[in-house]
Every structure is written in structure tokens, then in C-alpha cells.
Amino acid sequence: MNVKPRVLLINPPFHRLKGFGHTYYPIGLGYLCAVASKLGMESRIYNADAADINEKVNYSENYNEKIKSHEKYIQALTDSGHYVWKEISNLIRNYQPDVIGITVMSAKYASAIKVSEIAKNVNKLIKVVWGGPHPTVCAKEVIDEPLVDFVVFGEGEKTFEELLIQIENREDDFTKVAGLAFKKDGFSHVNTPRGMVHDLDELAPPDRKSLIYPERYFADSFGNMITSRGCPFLCGYCSAKNIWSRKNRYRSIDSVISEIRDIKSKFSSKSFYFWDDSFTVNRSRTIEICNRLINEELNIIWGCTTRVDLLDEDVLRLMRKAGCDYISIGVESGSERILKIIEKGISVQQVKKAAQMLKSTKIPFEAFFMIGFPDETVSDIDETFKLMKELVGGTVCFSIFTPYPGSAQFETAKRYGLIPDKINWSDYSHQSSENYFVKDISRTQFKECVAKFSKWVDTRNAKDLRVGRLFSRALNEFPNLVKRPGLAIHKCKTLLGIFKKKILTHD
């Protein structure tokens with residue numbers, strides 16, 4: 001009789017190594033944990049990016065500080081005595097997994113290597129499996145890493161299930177597992193890709209109960225959900241189409257409502273966020289979800305991410321009525337020229353119209369902006385800055401362009417000689433001080449632009465945060481806030497600052 005392998009799924013540290021708190025539930029690992037549980041295997045999720053409740057970390061959204069703190073991440077990668085690496089080592093040693101699955105984004109590549117090294121030092125027989133966005137696009141590069149035994153690329157649930165079954169049965173022929181890369185006899189093999197899951201209801205909901213250190217999370221940390229997969233758009237800076245494909249696939253609305261009820265019941269979550277690439281891409285479905293939320297009196301508040309060309313006032317008013325209190329919209333640039341180059345598929349006028357609709361429907365929003373595209377000029381950046389100033393009613397998410405493998409803009413940067421043959425992925429992050437991929441702006445001038453933008457955005461966001469949303473969520477988070485004095489103080493200061501502004505300006 002085969003002994004079932006014990007599985008540990010790890011989100012490698014990144015924000016935590018920079019000194020920032022980031023209490024999010026790693027939903028991708030939740031889906032994989034559900035796969036292992038279905039097979040009767042003991043499986044746990046370890047988010048190594050979630051700080052201990054007594055750990056001194058910064059919970060602010062200050063972009064200037066985030067950019068400056070990137071150096072801490074670089075330093076931590078070579079500091080084997082760092083307390084986070086020790087925590088990871090002790091946990092692996094105590095849990096004694098047979099299989100470790102690591103989810104890897106490009107910026108976390110070096111951190112994932114460190115976690116893999118720690119795992120092999122604890123027990124060289126541990127099977128190390130990488131998956132996620134970066135391994136999906138760079139499967140051949142990743143499987144050539146000495147510390148990596150398997151790579152799950154593409155949509156991972158079915159591939160991971162077949163891999164675990166073969167490991168349990170001690171089989172060593174992995175050639176028929178679609179979507180898998182592996183090593184055998186000193187050679188790397190990359191199998192054929194796996195087709196997408198057509199019926200997303202076939203997938204078990206993410207396992208939210210198997211988290212290690214559950215005390216590190218808020219009730220609302222568990223409210224992150226995915227209701228669809230796929231993105232039909234061609235944004236040149238994004239590689240999502242390589243992971244989910246361009247075809248939208250939807251969960252049934254019954255399954256979405258059922259998961260919301262389950263999360264509310266088990267975790268007392270009242271705030272939710274739908275992490276679909278573009279939540280409102282299917283207008284009729286958006287309307288149906290909103291009507292279900294209203295008619296079934298679920299009484300939740302929620303947010304989503306979408307595009308400015310997928311919004312209209314009627315839908316927004318219904319979303320507001322259904323509890324939507326926050327929408328993230330992708331803008332990226334205020335330059336029509338750059339919007340065309342990056343194939344965003346929107347215009348500046350559409351951005352302004354969407355912002356006005358959001359303001360009139362009283363839905364706070366966050367606008368994603370990015371500077372540093374390969375073809376960008378100072379004039380283009382000035383136009384982006386101008387548009388930032390014109391948008392009212394929302395906050396700004398500020399990023400420095402990061403060329404992700406598999407994206408069109410990565411190829412553009414490569415063609416211009418802005419990316420070296422040997423890439424140090426630890427420098428590639430939206431808030432990395434090392435990001436510089438512009439051919440017509442000097443490094444010094446670009447750094448000046450970054451400093452100017454980050455400081456302005458921090459000031460702008462401090463003024464435009466919405467009291468109602470912060471206050472309602474703070475109340476729901478209160479049981480965990482008392483365990484995190486640093487975060488509680490930060491939230492209180494933010495609320496007091498906003499109240500002061502509103503009282504003085506009668507806003």
C-alpha cells in the first residue's frame with residue numbers, strides 16, 4: 001500500500017523581506033490545496049509573505065517608501081541568517097513534507113530559489129514543484145534550475161493532480177502528464193501543454209481552512225475570489241493571456257453565490273474582492289450577479305478590477321446598489337501615443353468619461369498608472385502626470401514598467417537592447433528602484449520622474465482615501481487589528497487625517 005505524500009504549498013516572501021505587511025490569502029495555492037485534499041493527502045498552505053502578528057512591518061501604501069525599500073529585499077536574498085528564512089526552515093523541518101509546491105511570479109524568482117534551497121537542505125528527497133505565472137511562460141528556463149524537480153505550467157489544477165498521483169504510486173514516467181516539465185537521467189523534458197478547463201465548476205473551491213498561521217489573517221483576507229478566467233484583450237505589458245488564454249470562461253453564478261455564503265459562514269468575512277482580469281467584460285452576467293447579491297440579501301461590500309471601456313452608468317448604479325464600494329481600473333498612460341503602442345485599446349477620453357461616471361455613481365476607484373515603457377518620452381510622462389491630476393474621486397496605483405516574459409513589451413525592450421541575456425529577476429518589480437527600460441530617457445532623468453511621481457501619488461492618495469470604506473472595513477478587521485498595533489495605529493492615523501480634511505473643507 002502506497003503512503004500518501006504530505007504536501008506543503010508555499011508563497012515565497014517578497015513584501016515581507018522589504019519590511020512591508022501584506023496579509024492576503026494566496027488563492028492560487030488554495031485551488032491546489034483543494035486538489036491534494038480531494039486525493040486524501042495532508043496538505044497545508046504557508047504564505048511566507050504574511051508577517052507574524054508581533055513582527056514590526058510597515059502597513060502603509062506609501063510608494064516612495066516601497067521603492068526605497070526594494071534594496072532590503074535584495075539584501076535579504078543573500079542573508080541566510082534572516083529571520084524569515086529561519087522561519088521557513090523550521091516550518092519545513094517540523095512539517096516534514098514530501099512535496100513542496102511554490103507559486104512564482106517573476107519578481108519572486110530569487111526568493112523562490114532560496115525557498116527551494118532551504119527545502120533541499122532540510123531534506124534532499126523533497127520534491128520541489130514550481131508553478132504560477134513565471135514558470136508558465138519560462139518552463140524550460142525554470143526546469144533547468146538544479147533545485148527544481150518539476151514545473152507545472154499553464155492552468156495547474158489537473159496537472160498537479162496527475163503529478164501527485166504518480167508521486168504517490170512511485171511512478172517515474174512523467175512523459176504523459178500534459179502541462180508538466182521534469183528532469184530524468186540528467187536531462188530536462190517539457191511536455192505538451194494542457195488544454196484549459198472548460199467548466200470551471202468542476203474545480204473544487206479554494207481550501208481556505210488549511211492555512212498555517214491563520215492568526216496572521218483578517219476576516220476579509222478570505223474574501224478574495226475568482227469568478228472567471230481568461231482575458232480577451234492584448235495589453236502589451238501583460239502576459240495573462242499566456243496563463244489563462246484569451247477566451248473568457250465563467251463559473252456558474254450559483255457557484256459564486258455559494259462560495260460567498262461559505263466564506264461568510266466560516267470566516268465572518270463581509271468584504272470581498274473579485275480578482276477577475278476584467279469583472280464586467282460580460283455585461284449581462286455582471287447584472288445577474290448584482291441582482292442575485294441584492295435579491296438574496298447577502299449584505300456584503302465588494303470590489304473588482306475592470307477596464308474603462310467596460311463600464312456604463314446603469315451597470316455602475318446597479319453595482320453600487322449590490323454593495324460595490326471599490327473598482328480598480330487600468331489606465332496606464334495619459335499619452336494617446338503610448339496607449340496605442342502598448343495596445344491598451346482605450347483612449348484618454350474614455351478614461352475621463354469612466355472617472356466621471358464613477359464619481360456620479362459614488363463608487364470610489366483606484367486608477368492603475370505606469371511609467372517607463374520602452375518607447376516613452378518625457379513628454380509622454382508629462383501627459384500621464386496631467387491625466388493623474390485631472391482624475392478625481394479615486395486613488396492612484398503607481399507602477400514602474402516591468403517587462404514580463406511572454407508580453408509584447410518584453411520583446412520590444414529586448415529588441416532595443418534594454419534587457420540583458422542573463423536576467424536578474426530580483427530587480428524586476430513594479431516598485432523596484434532598478435527598473436529602467438526606456439530608450440529615450442536617461443537613467444538619471446527617469447529616476448527623477450519616478451521620485452516626482454511617487455511623492456505626488458502618496459500625497460494625493462492620503463487626501464482622496466474614502467472614510468466610509470476604510471471605517472467599515474476597519475470595524476470588520478477589529479479583532480485582528482488589536483493583535484497588530486502597528487497596523488491599527490496606521491489605520492487610525494489615516495482615518496483621523498481624512499476626518500480632519502473633511503471637517504476643515506466641508507467635503
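Q: Which residues is Val-190 in contact with, leaving aside its neighbours within four places in sequence?
A: Val-190 is in contact with Lys-140, Ile-143, Phe-153, Leu-180 and Ala-181. Contact means heavy atoms within 4.5 Å. The model is predicted: local features need pLDDT of at least 70, side-chain atom pairs count only at pLDDT 80 or more, and totals for chains, interfaces and linings use all residues. Residues are numbered from 1 along each chain as its sequence is written, and side-chain values use heavy atoms, with hydrogens and water left out.

Q: Why is Val-190 called partly exposed?
A: Val-190 lies in strand β7 (residues 187-190). Its relative accessibility is 41%. Buried means under 20% relative accessible area, exposed over 50%, and partly exposed in between (1.4 Å probe, protein chains only). The value falls in between, so Val-190 counts as partly exposed.

Q: What makes Asn-90 partly exposed?
A: Asn-90 lies in helix α4 (residues 83-95). Helices (H or I, at least four residues) and strands (E, at least two) are DSSP runs, numbered from the N terminus. At 45% relative accessibility, Asn-90 counts as partly exposed.

Q: How far apart are Asn-90 and Thr-377 in sequence and in space?
A: They are 287 residues apart in sequence. In space, C-alpha to C-alpha, the figure is 49 Å.

Q: Why is Glu-376 called buried?
A: Its relative accessibility is 0%. That is under the limit for buried, so Glu-376 counts as buried. Glu-376 sits in the loop between β14 (365-371) and α15 (378-390).

Q: Which residues does Glu-376 contact, beyond its neighbours within four places in sequence?
A: Among them are Ser-333, Arg-337, Ile-338, Met-370, Ile-371 and Asp-440. Glu-376 and Arg-337 are 39 residues apart in sequence. Their C-alpha atoms are 8.9 Å apart.

Q: Why is α10 called oblique to α11?
A: The axes of α10 (residues 253-267) and α11 (residues 283-295) come within 11 Å and cross at roughly 40 degrees. Angles under 35 degrees count as roughly parallel, over 145 as roughly antiparallel, 65 to 115 as roughly perpendicular and the rest as oblique. The crossing angle belongs to the rest, which makes α10 oblique to α11. The axes are lines fitted to C-alpha atoms, for helices over the stretch in contact, and the angles run from 0 to 180 degrees between N-to-C directions.

Q: In what sense does α10 pass α11, right-handed or left-handed?
A: The crossing is right-handed. The crossing of α1 and α8 is right-handed.

Q: Which residues of α10 and α11 meet, and how do they divide by class?
A: Ile-253, Asp-254, Val-256, Ile-257 and Ile-260 in α10 meet Arg-285, Glu-288, Ile-289, Arg-292 and Leu-293 in α11. The contact has 6 nonpolar, no polar and 4 charged residues. Ala, Val, Leu, Ile, Met, Phe, Trp, Tyr, Cys and Pro count as nonpolar, Asp, Glu, Lys and Arg as charged, and the others, Gly among them, as polar.

Q: What makes Phe-14 and Tyr-73 an edge-to-face pair?
A: The count comes to 22 aromatic pairs. In this one, the ring centres are 4.7 Å apart and the planes stand at 70 degrees. Rings of Phe, Tyr and Trp (its six-membered ring) pair if their centres lie within 6.5 Å; planes under 30 degrees apart count as stacked, over 60 as edge-to-face and the rest as tilted. Both values pass, so the pair is edge-to-face.

Q: Why does the pair of Phe-14 and Tyr-73 tie together separate parts?
A: Phe-14 lies in the loop between β1 (7-11) and α1, and Tyr-73 in helix α3 (residues 70-77). The pair therefore ties together parts that are 59 residues apart in sequence.

Q: How do you know whether Phe-14 and Tyr-73 are buried or exposed?
A: Phe-14 has 6% relative accessibility and counts as buried. Tyr-73 has a relative accessible area of 0% and is buried.

Q: Why is Arg-170 called exposed?
A: Its relative accessibility is 68%, over the limit for exposed, so Arg-170 counts as exposed. Arg-170 is found in the loop between α8 and β6 (180-184). Its phi is positive, about 60 degrees, although Arg-170 is not a glycine. Most residues other than glycine have a negative phi.

Terms used: Left-handed = near helix turned anticlockwise from the far one by under 90°.
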